[in-house]
Amino acid sequence: MGDPSSVPTFQFGGLTFNAANIISGLIAFVLVFLFVFALSRHLTLRPGKGQNVLEWLIEFTNGILKGSIHGNEVGAFGLYGFTLFLFLFISNEMGLFIQVAVGAKDYVRSPTADPVVTMTFSLATMMLAQYAGVSKLGWKKHFTGYLKPFVFWLPISIFEEFTNFLTLGLRIFGVIFSGEMLLKIIGQLAFSHGIVTMIIALPIEMFWQGFSLFLGAIQAFVFVTLSSVYISQKLEIEE
Amino acid sequence: MFSHLTVAAGLMVGDMVFYAIAFVLLLWLIGVFAWKPVNEMLEKRADKISNDIDSAEKSRLEAESLAKQRQDALANSRQEASSIVDSAKKQGQQQRDGILADAQTEVLTLKQNAQKDIEQQRQDALLNARNDVADLSIEIASKIIQKELSANDQKALIDSYIEGLGKQHES
């Protein structure tokens with residue numbers, strides 16, 4: 001998928017879209033929504049199985065946020081963290097189970113294996129952090145924060161924002177993209193010389209899938225953790 | 001790997017717009033269908049638990065005060081019982097003393113009465129006996145006199161009697 005020819009594109013309203021991203025993204029969104037929707041039926045005071053899972057997930061993501069954001073301010077970002085984690089997790093793991101390619105062009109894979117997608121979420125986090133900083137501290141205090149500890153720090157502060165944005169998006173993309181790439185290569189190996197290579201490739205593929213599963217979970221966790229760190233940095237006045 | 005991104009900047013923007021809109025939509029849907037109701041339920045549960053703890057504390061205090069009341073009542077009743085027993089004993093003692101004294105005085109009066117009666121009866125008996133003796137002696141005397149009194153003797157008797165009468169008048 002490295003070369004442009006492997007990307008199916010289409011035009012709509014003057015914008016160019018990547019069909020693989022759109023299709024797999026839609027699948028991921030629908031899966032997340034169905035998962036949450038199914039678990040949130042029949043909410044009761046004494047939680048059932050589904051409700052327990054959902055509550056555990058909410059507690060989990062809230063726990064990530066609480067790790068860096070002060071307790072009473074978590075509530076506003078809880079939904080963002082929860083949705084982000086679920087979406088990234090399902091996106092990361094999606095490519096391990098379903099990959100559809102038609103004529104050397106991918107249509108379904110992990111949405112997070114594309115830097116555009118991960119950069120979108122990284123940008124969303126950065127914008128949310130800026131918005132949170134402004135809404136909590138006010139315009140003046142928020143932007144004078146860039147001049148600390150002294151005025152000439154400004155370029156470094158701006159550069160830091162930019163690197164935060166880049167690393168946040170590229171980290172998850174790199175891990176998921178390389179994971180899928182390796183899966184594909186092992187798959188090609190399996191079909192290269194008939195039954196013998198298949199037998200050899202099967203355990204390798206299984207091992208790598210398991211490892212990718214773990215990596216996908218870790219990356220979703222890391223992304224939410226770093227998001228909360230970046231948001232919390234904007235909520236506090238640096239001394 | 002970035003090559004397809006550099007092909008057309010438009011490609012990036014389209015996907016980003018799509019993901020941004022889709023993600024906001026997903027946020028809204030999850031917020032409506034899961035986040036809000038679940039958090040409400042969590043809050044409700046937390047409220048219920050804290051209420052339960054409060055009410056448990058309240059009932060514990062109530063039970064404690066009830067137990068204290070019972071203890072007090074028990075102590076009171078014990079005291080009351082002992083005082084009742086004491087007063088009953090005292091009353092019994094008093095009654096016993098009274099009865100004893102009464103009995104003694106009664107016995108005394110009875111004794112005195114009996115003595116008086118006996119004395120009376122003795123006097124009466126004596127008197128009766130004396131009368132009887134007198135009557136008997138008179139009867140005997142009259143009988144004897146009827147039988148043996150001769151005319152002379154009768155005369156002498158009458159005389160003496162008359163004489164006696166005269167002496168009596170004189171004196």
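User: Are B:F18 and B:Y19 buried or exposed?
Analyst: Both B:F18 and B:Y19 are buried. Please keep in mind that this is a predicted model.

User: What is the secondary structure of chain B?
Analyst: Chain B contains three helices and zero strands. From the N terminus on, its elements follow the order α-α-α.

User: And how much of chain B counts as buried?
Analyst: Of its 171 residues, 12% count as buried.

User: Where is confidence lowest in chain B, and where is it highest?
Analyst: The lowest confidence in chain B falls in helix α1 (residues 3-7), with a mean of 47. Helix α2 (residues 9-148) of chain B has the highest, at 88. Over residues 3-9 of chain B, pLDDT stays under 50, and the model has eleven contacts beyond four places in sequence for that stretch. Where pLDDT is low, the predicted coordinates should not be read in detail.

User: What is the average for chain B as a whole?
Analyst: Chain B averages a pLDDT of 84, and 87% of the residues score at least 70.

User: What about chain A? What is its mean pLDDT?
Analyst: The mean pLDDT of chain A is 84, with 95% of its residues at 70 or more. Residues 1-5 of chain A stay under 50, and the model has 13 contacts beyond four places in sequence for them.

User: Let us change topic. How many aromatic pairs does the structure hold?
Analyst: Over all chains, there are 24 aromatic pairs. One of them joins A:F143 and A:Y146, whose ring centres are 5.9 Å apart; the planes stand at 20°, so this pair is stacked.

User: Why does that angle make the pair stacked?
Analyst: Planes under 30 degrees apart count as stacked, and the rings of A:F143 and A:Y146 are at 20°.

User: Which residue lies over the face of A:F37?
Analyst: That residue is A:R41, at 4.0 Å from the ring centre.

User: Now for the helices of chain A. How far apart are the end C-alpha atoms of α1?
Analyst: They are 30 Å apart. Helix α1 of chain A covers residues 19-39, and at 1.5 Å a residue its 21 residues should span 30 Å, so the two values agree. At the start of α1(A), a side-chain oxygen of A:N18 comes within 3.0 Å of the backbone nitrogen of A:A20. The buried residues of α1(A) include A:A20, A:F29, A:V32 and A:L39.

User: And how far does helix α2 of chain A reach?
Analyst: Helix α2 (residues 49-66) of chain A has 18 residues and reaches 25 Å from its first C-alpha to its last, close to the expected 26 Å. Among its buried residues are A:L54, A:I58, A:N62 and A:L65.

User: Why does A:N62 count as buried?
Analyst: A:N62 has 13% relative accessibility and therefore counts as buried, since buried means under 20%.

User: What does A:N62 touch?
Analyst: Not counting residues up to four places away in sequence, A:N62 touches A:V74, A:G78 and B:W35.

Conventions:
Residues numbered from 1 in each chain as written. Chains lettered and ligands numbered in written order. Predicted model: local features only at pLDDT ≥ 70, side-chain atom pairs only at ≥ 80, totals over all residues. Heavy atoms only, no water. Phe/Tyr/Trp six-rings, centres within 6.5 Å; stacked < 30°, edge-to-face > 60°. Buried < 20%, exposed > 50% of the residue type's maximum accessible area, 1.4 Å probe, protein only. Lys NZ or Arg CZ within 6 Å of the ring centre and 35° of its normal. Helix = DSSP H or I, 4+ residues; strand = E, 2+ residues; numbered from the N terminus. Expected span 1.5 Å × (residues − 1). Polar contact = N/O pair within 3.5 Å; in protein donor to acceptor, adjacent residues only side chain to side chain. pLDDT = per-residue confidence, 0-100. Contact = heavy atoms within 4.5 Å.
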